[in-house]
Amino acid sequence: MRDTLVLNASFEPLSTVSLHRAVVLVLQDKAVVEASHPELRMRAAAVDLPVPRVIRLLRFVRVPFRRQAPWSRRGVLVRDRHKCAYCGRRATTVDHVVPKSQGGGDTWLNTVASCAPDNHRKADRTPEEAGMPLLFQPYVPTPTDAMLLALGADGRAGLPDWLPEPAAA
């Protein structure tokens, strides 16, 4: 599970990594712990370390500029917080607002999270044709939004206040 946020030396979010990878970076003196789980610690014979929630690299890493996060089915579910765009229940599938048969594609603005019954009920129609209005409009998340959303809605509580909030759905 990728539950540790990695910040560049300039404090901008870079990626998320596993707890194991985060601890290795800290122990190799390549990163420092910026925020940790309040009550959890990792202990070994010669090590006593807080369980990292956010780490910051000590050296600046140059990354190519990326305007938007790449589209994926998992990304759509995470962006919409696993909430059905038609009824608000738990979403397990991705629905195309404009169906593929009518020229719609796999894009951030044309896909929303949906529960299986609503996806089946809407079928091969637009929301207007099916009489199923969207509860929220799809949007294109920035790469930073996608990373922060991937940490989970409940994970926000353990993150520092100075990190940006993901765009609202």
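Student: Which backbone oxygen lies 2.9 Å from a polar atom of the Asn110 side chain?

Tutor: That of Gly105. Keep in mind that this is a predicted model.

Student: Where does Asn110 lie?

Tutor: In the loop between S5 and S6.

Student: Buried or exposed?

Tutor: Asn110 is buried, with a relative accessible area of 9%.

Student: What is Asn110 in contact with, leaving aside neighbours within four places in sequence?

Tutor: Asp95, His96, Val97, Val98, Gly104 and Gly105. Val98 is twelve residues from Asn110 along the chain, and their C-alpha atoms are separated by 6.4 Å.

Student: On to the strands. How do S5 and S6 run, and how many bridges join them?

Tutor: They run antiparallel, joined by four bridges. S5 covers residues 93–96. Thr93 has Ser114 in S6 as its bridge partner.

Student: Which way do the S6 residues point?

Tutor: Thr111 and Ala113 point one way from S6, residues 111–114. Val112 and Ser114 point the other way. All four are buried.

Student: Now the cysteines. How many disulfides are there in the whole structure?

Tutor: A search finds zero.

Student: Is Cys115 buried or exposed?

Tutor: Buried, with a relative accessible area of 4%. Cys87 counts as partly exposed, at 34% relative accessibility.

Student: What does Cys84 touch, not counting residues up to four places away in sequence?

Tutor: Arg89, Ala91, Ala113, Ser114, Cys115, Asp118, Leu135 and Phe136.

Student: Let's do the cores. Which residues touch the most other members in the largest nonpolar core?

Tutor: Leu77, Cys84, Tyr86, Ala91 and Val112, out of 16 residues in that core. H2 and S6 are the elements that give two or more residues to this core.

Student: What is in the second core?

Tutor: That one is separate and has ten residues, including Val6, Ala22, Leu25 and Leu57.

Student: Where is the place of His82?

Tutor: In the loop between helix H2 (73–79) and S5. His82 counts as partly exposed, at 28% relative accessibility.

Student: What about phi of Ala123?

Tutor: Near 55°, a positive value in a residue other than glycine. Ala123 lies in the loop between helix H3 (116–122) and helix H4 (127–130). At 45% relative accessibility, Ala123 counts as partly exposed.

Student: Last one, Thr4. Which strand is Thr4 found in?

Tutor: S1, residues 2–7.

Student: What does the side chain of Thr4 reach?

Tutor: The backbone oxygen of Pro52, at 3.4 Å. Thr4 is buried, with a relative accessible area of 0%.

Key. Residues numbered from 1 in each chain as written. Predicted model: local features only at pLDDT ≥ 70, side-chain atom pairs only at ≥ 80, totals over all residues. Heavy atoms only, no water. Buried < 20%, exposed > 50% of the residue type's maximum accessible area, 1.4 Å probe, protein only. Polar contact = N/O pair within 3.5 Å; in protein donor to acceptor, adjacent residues only side chain to side chain. Disulfide = S-S within 2.5 Å. Pairing = 2+ DSSP bridges. Contact = heavy atoms within 4.5 Å. Core = buried A, V, L, I, M, F, W, Y, C linked by side-chain atoms within 4.5 Å.
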